[in-house]
Amino acid sequence: MAKRVTLSDVAKVCGVTAATVSRVLNSKAEFAASEIVREKIIQTARKMGYVPDLAARSLNRMETHIIGVFASPYTHIAEGINESVLEGITSVLHHAGYDVFYEMSSMANRKKAVPFWRFDGAILMQQPQSETVKGLDMRGVPYVCVNEKAGDPAAYVMADDSMGMNHALDHLAQLGHKRIAYSNAQSNYFSHYSVVERYETLLKGIKTRGMKLVEGHDQSPSSASEFLRLSVVENGATAVISYDDHMAVRLVGASTGMGLRIPQDFSLICFNDQYPIGLLAPPLTAVAVSGKEMGQIGADLLLNRLTSGKGSKKKEIRVAEYLVVRGSTAPPKSA
C-alpha cells in the first residue's frame with residue numbers, strides 16, 4: 001500500500017518547513033513568501049499527489065470552506081431535477097472557493113446523524129433524513145433547503161408548483177378539454193411539498209375553469225395501464241396530467257400496448273422537462289423549472305448567511321415554472 005504523502009514530505013523536497021507549506025497551500029493572506037517559493041510548493045504538492053487531511057484541517061481551522069449537501073439515501077442524483085440542482089449548487093460554491101461533499105449514506109450504515117468532521121454549512125435537497133436535520137440544528141450548522149421544506153433553515157428555495165399547474169390547466173382549457181385525469185405521485189413522495197401544492201392547485205383550478213376531474217386523482221396509480229383503463233377508456237378523460245416525468249414515460253409505453261394514441265385519444269402533460277421527455281414519440285408537453293437556477297440561488301443564500309455571520313429573517317423564494325408545448329397535447333376529438 002502506497003505511503004500517504006504528508007506536509008513534511010512536501011516540505012523536505014522544497015527545503016522549507018511544514019508550517020510554510022501549510023500556510024502556502026491554505027492561502028494564508030497574512031503569510032509573506034516569495035512567488036518562487038509559493039509556486040515551487042504548489043507544483044511539488046501536485047506532483048507528489050499531496051491532499052490535505054480533512055479531519056485534521058477541520059479541527060485546526062475555524063473555517064473549513066467545505067459545504068455538505070444532504071438528501072434522502074433513496075434520492076437518485078439523475079432523478080427529476082436533482083442533477084441540475086447539484087450543478088447549480090456546485091457552480092456557485094466552487095467559484096467561491098468552497099469544496100462540496102454529497103452525503104449519500106443511510107442511517108443504517110453509520111452511527112452519527114452527520115459526518116464527524118467540521119464543515120461550514122449545508123444544503124438540504126429532497127427528503128433529507130430527520131436525524132440529519134436534527135444533527136445540523138444541534139451543531140448550529142447554517143443550512144438552506146433547495147426543493148424541500150425541512151427543519152429551521154436560513155432560507156427555502158422551491159419551485160412555484162402552483163404556477164406550473166395553472167399553466168398546464170390553462171393550456172388544456174384553451175384546447176377545449178373538459179374531462180381531466182391526474183396521475184398522482186408515488187406514495188413515498190407524499191411528504192414532499194410539491195405533491196400537496198400541485199394537487200391542491202389542481203382541485204381549485206378544475207372548479208374555476210368548469211372542468212371535471214375523473215376518479216383516481218387522489219391516489220398513486222397501481223400501474224400505468226390500469227390508470228389509463230380507468231381514466232381514459234372507462235371515464236372518458238381527454239387529457240392526463242402526470243405528477244412527474246417517470247410516470248409519463250410509463251403512460252406513453254402503456255398507451256402503445258393498449259392501442260391508445262397520443263394526442264388523438266388523449267393529451268398528456270407532465271411535470272419535469274427532463275430527458276427523454278422531449279425525445280419520445282410524440283415529444284411531451286411539460287411543466288419545466290430551472291433546477292440549476294434553484295441550486296444557484298440556494299448556494300448564494302447560504303454564502304450570504306456564512307458571510308454575515310448571523311441569522312436573519314427566513315426567506316422563501318419561489319422559482320417560476322413554465323410550460324414547454326410539444327406534440328402530446330391537442331384539442332380533444334369532441335372539439
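## Packing of H1 and H2

In this predicted model, helices H1 and H2 are roughly perpendicular to each other, because their packing angle of about 105 degrees falls within the range of 65 to 115 that counts as roughly perpendicular. Helix H1 spans residues 7-14 and helix H2 spans residues 18-25, and their axes lie 8 Å apart.

On the H1 side the contact is formed by Leu 7, Ser 8, Val 10 and Ala 11, while H2 contributes Ala 18, Val 21, Ser 22 and Leu 25. Sorted by class, the residues of this contact between H1 and H2 comprise six nonpolar and two polar ones, with no charged residues.

## The chain as a whole

The chain contains 11 helices and 12 strands, and of its 335 residues 47% are buried. When contacts between residues at least 6 apart in sequence are considered, 71% of them join residues at least 24 apart.

## The setting of Asp 245

Asp 245 belongs to helix H10, which covers residues 245-258. Although Asp 245 is buried, it has no salt bridge, and the nearest side chain of opposite charge, that of Arg 198, is 7.6 Å away; a salt bridge would require a side-chain nitrogen of Lys or Arg within 4 Å of a carboxyl oxygen.

If neighbours within four places in sequence are set aside, the residues in contact with Asp 245 are Cys 270, Phe 271, Asn 272, Gln 274 and Ile 277.

Note on methods. Residues are numbered from 1 along each chain as its sequence is written. This is a predicted model: local features need pLDDT of at least 70, side-chain atom pairs count only at pLDDT 80 or more; totals for chains, interfaces and linings use all residues. Side-chain values use heavy atoms; hydrogens and water are left out. Helices (H or I, at least four residues) and strands (E, at least two) are DSSP runs, numbered from the N terminus. Buried means under 20% relative accessible area, exposed over 50%, partly exposed in between (1.4 Å probe, protein chains only). Lys and Arg count as positive and Asp and Glu as negative; His and the chain ends are not counted. Contact means heavy atoms within 4.5 Å. Axes are lines fitted to C-alpha atoms, for helices over the stretch in contact, and angles run from 0 to 180 degrees between N-to-C directions. Angles under 35 degrees count as roughly parallel, over 145 as roughly antiparallel, 65 to 115 as roughly perpendicular and the rest as oblique. Ala, Val, Leu, Ile, Met, Phe, Trp, Tyr, Cys and Pro count as nonpolar, Asp, Glu, Lys and Arg as charged, and the others, Gly among them, as polar.
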